[in-house]
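User: I would like to learn how to read the features of a structure one by one. Please take me through this example.

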Amino acid sequence: QVHLIESGGGLVQAGGSLRLSCVASGRTFSNYTLGWFRRTSREYVASISSYRGLAYYGNSVKGRFTISRDNAKNTVYLQMNSVRPEDTAVYFCAARLGITATEEPGLYDNWGQGTQVTVSS
């Protein structure tokens, strides 16, 4: 299994930016599909597939957030631009062994502890 630790959350004003990071322990990181979810609305945020690194986004963040991964660093990022107060939530990183990205949280086996993002208006 993969142990995930999120970081990068904090307080940011509306319209600003944050970059969340999720670092995985162990090896075989490149074999995992990764996703970001936020607790407040149990809402899917973004996911990125293994191998080709194809990225997908929830409707509420399209055009504003970017998910990326650096397999050499065992890290997945969520770049949050043009943040809004409704983006306030605890953000969770998740991983599943497989090549296909998914928005379904039940398909992810590994979850981080979350990092708090608060957007002030």
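User: Which ring does the charged end of Arg19 sit over?
Analyst: The ring of Tyr77. This is a predicted model, and in it the charged end of Arg19 lies 4.1 Å from the centre of that ring.

User: Tyr77 must sit in some element. What is the bridge partner of Ser21 in E8?
Analyst: Tyr77 is that partner. The strands concerned are E3 and E8 (residues 75–80), which pair over six bridges in the antiparallel sense.

User: How many bridges join strand E1 to E3?
Analyst: Four. E1 covers residues 4–7 and runs antiparallel to E3. Ser7 has Ser21 as its bridge partner in E3.

User: Why is E3 described as largely enclosed by the rest of the structure?
Analyst: Count the buried residues. A residue is buried under 20% relative accessible area. Strand E3 spans residues 18–24, and five of its seven residues are buried, so the rest of the structure largely encloses it.

User: Next, disulfides. What is the general idea, and how many does the structure hold?
Analyst: A disulfide is a covalent bond between the sulfur atoms of two cysteines. The structure holds one. Cys22 is joined to Cys93, with an S to S distance of 2.2 Å. The link connects distant parts of the chain: Cys22 is in strand E3 and Cys93 in strand E9, 71 residues apart.

User: What is the handedness of the link of Cys22 and Cys93?
Analyst: Left-handed, with -85° about the S-S bond.

User: Is Cys22 buried or exposed? And Cys93, buried or exposed?
Analyst: Cys22 counts as buried because its relative accessibility is 0%. Cys93 is buried too, with a relative accessible area of 0%.

User: Stay in E9. Where is Tyr91, and what does its side chain reach?
Analyst: Tyr91 is in strand E9, residues 89–97. Its relative accessible area is 0%, so Tyr91 is buried. The side chain of Tyr91 reaches the backbone oxygen of Asp87 at 2.6 Å. The Tyr91 side chain also makes a polar contact with the side chain of Arg38, at 2.9 Å.

User: Which residues does Tyr91 touch beyond four places in sequence?
Analyst: Among them are Glu6, Leu20, Trp36, Phe37, Val45, Phe65, Leu78 and Met80. Arg38 and Thr115 are also on the list.

User: Take Arg38, then. Where is it, and is it buried or exposed?
Analyst: Arg38 is in strand E4. Its relative accessibility is 5%, so Arg38 counts as buried. Besides the contact with Tyr91 at 2.9 Å, its side chain makes a polar contact with the side chain of Ser60 at 3.1 Å. The residues in contact with Arg38 include Glu43, Val61, Glu86 and Asp87.

User: And Thr115?
Analyst: Thr115 is in strand E11, residues 115–120. At 10% relative accessibility, Thr115 is classed as buried. A polar atom of its side chain lies 3.1 Å from the backbone nitrogen of Gly9. Contacts of Thr115 include Ser7, Gly8, Leu20, Ala89 and Tyr91.

User: Last, the rings. How is an aromatic pair described, and how many does a search of the whole structure find?
Analyst: A pair of aromatic rings is described by the distance of the centres and the angle of the planes. The search finds four pairs. In one of them, Phe37 and Tyr108 are edge-to-face, 5.4 Å centre to centre with 75° between the planes. This pair links distant parts of the chain: Phe37 is in strand E4 (residues 32–38), Tyr108 in the loop between E9 and strand E10 (110–111), 71 residues apart.

User: What does Tyr108 form with Trp111?
Analyst: An edge-to-face pair, with 6.2 Å between centres and 70° between planes. Tyr108 is buried, at 4% relative accessible area, whereas Trp111 is partly exposed, at 33%. Phe37, Tyr44, Tyr108 and Trp111 form one aromatic cluster.

Definitions and conventions
Residues numbered from 1 in each chain as written. Predicted model: local features only at pLDDT ≥ 70, side-chain atom pairs only at ≥ 80, totals over all residues. Heavy atoms only, no water. Buried < 20%, exposed > 50% of the residue type's maximum accessible area, 1.4 Å probe, protein only. Helix = DSSP H or I, 4+ residues; strand = E, 2+ residues; numbered from the N terminus. Pairing = 2+ DSSP bridges. Contact = heavy atoms within 4.5 Å. Polar contact = N/O pair within 3.5 Å; in protein donor to acceptor, adjacent residues only side chain to side chain. Disulfide = S-S within 2.5 Å. Phe/Tyr/Trp six-rings, centres within 6.5 Å; stacked < 30°, edge-to-face > 60°. Lys NZ or Arg CZ within 6 Å of the ring centre and 35° of its normal.
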